[in-house]
Amino acid sequence: MNKTDRLLAILLELQRKDIIRAEDLAAIFETSVRTIYRDIQALSESGVPIVGAPGIGYSLMEGYFLPPVSFTVEEAVALLIGTDFVEQKFDTDYGMKAQTSRRKIEAILPESVRREVAQVRTTIRLLAVSKGTNHREKTYLETLRIAVLAKQKVRFGYSKKMPEADGNRQSVRVVAPYGLVLLHGSWVLIGQCELRQQLRHFRLSRMNDLIMLEDGYQLPIDFNLQDYKQADDRHINVHIQIRSDIVDKVKEANHFYMESMEEREDGIHVFFRVRHPEELLSWILGWGADVVVLEPESLRERVRTEVEKMLKCY
């Protein structure tokens, strides 16, 4: 039995009995009395109110109660898959906590349930979107998580998706971080940007040289991350026609800006709302001749220009 399992088991023994000696615990768990002393100290330091009397034994302080926990197979599978997700997509610290949580859950399952859970888990596997959160993003995630809790500003270099008028995509931002959101498999920071003087969104994958500053900030009273919804500033409509035989592929791609899809006599028509038509350029080019931009004309011209550039490369 590893230490984590033994600590939980000792706690359950203390709850089950009014008082128990270290020697008795050592015999139950087949370990030394010295190890039991260290375990009792670890439980006390973690906040468990243990009362010890020399020559008598240990007991839990009156009123302390650890409720029994029981899970169905389905509940246990849901929790364990949840720990898999946290381990893949959160930072290293939370990943380690997910591992210990998984061991605790498995430790308290009855043997029959544990066997069935293990069997079910062999038929289910959670794969993170793309390649999962890389090491740099996990490091940034941990820094930002600490900054959000400490209410301290951060500074980082940022690569915008769309360039400015001069073609530059790079900038340095100082941001009061309000919260982190996992959006379509990518971590996004929501915070007040000093450069733009607005609440903005920043993908961690586009950040570089992130540092936490000593400057603090006050979270607005009216801001609640759980209720927050991004203002919809997508005012440009894009109309695209696609070949009928790739409809299933387009649906599977499930582009975030797609509004609707209609079946007409001349094919399938797809409608988008975007901030900048160029946001769809790579997506459109990726389908080759299977899609045709109908509106706006500026995007049709942009596609033609890009195709001409591509032809010069061949």
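Which helix lies across β8 and β11, and at about what angle to β11 does this helix run? The model considered here is predicted, with local features requiring pLDDT of at least 70 and side-chain atom pairs counted only at pLDDT 80 or more, while totals for chains, interfaces and linings use all residues. Residues are numbered from 1 along each chain as its sequence is written, and side-chain values use heavy atoms, leaving out hydrogens and water.

The strands belong to an open sheet of four, ordered β9-β10-β8-β11 with antiparallel pairing; strands (E, at least two residues) and helices (H or I, at least four) are DSSP runs numbered from the N terminus, and two strands pair if DSSP finds at least two bridges between them. At the edges are β9 (258-264) and β11 (291-295), each pairing on one side only. From one strand to the next, the twist averages 25 degrees. Strand β8 (residues 236-242) is joined to β11 by four bridges, and I240 has V293 of β11 as its bridge partner. The helix across β8 and β11 is α10 (residues 297-312), running at about 145 degrees to β11; angles run from 0 to 180 degrees between N-to-C directions, with axes fitted to C-alpha atoms, for helices over the stretch in contact, and contact means heavy atoms within 4.5 Å.

Elsewhere, helices α4 (residues 73-89) and α5 (residues 92-108) pack at about 165 degrees, their axes 8 Å apart. The two helices are therefore roughly antiparallel (angles over 145 degrees). Their contact involves residues including L79, L80 and V86 of α4 and Y94, A98 and I105 of α5.

Notes. Angles under 35 degrees count as roughly parallel, over 145 as roughly antiparallel, 65 to 115 as roughly perpendicular and the rest as oblique.
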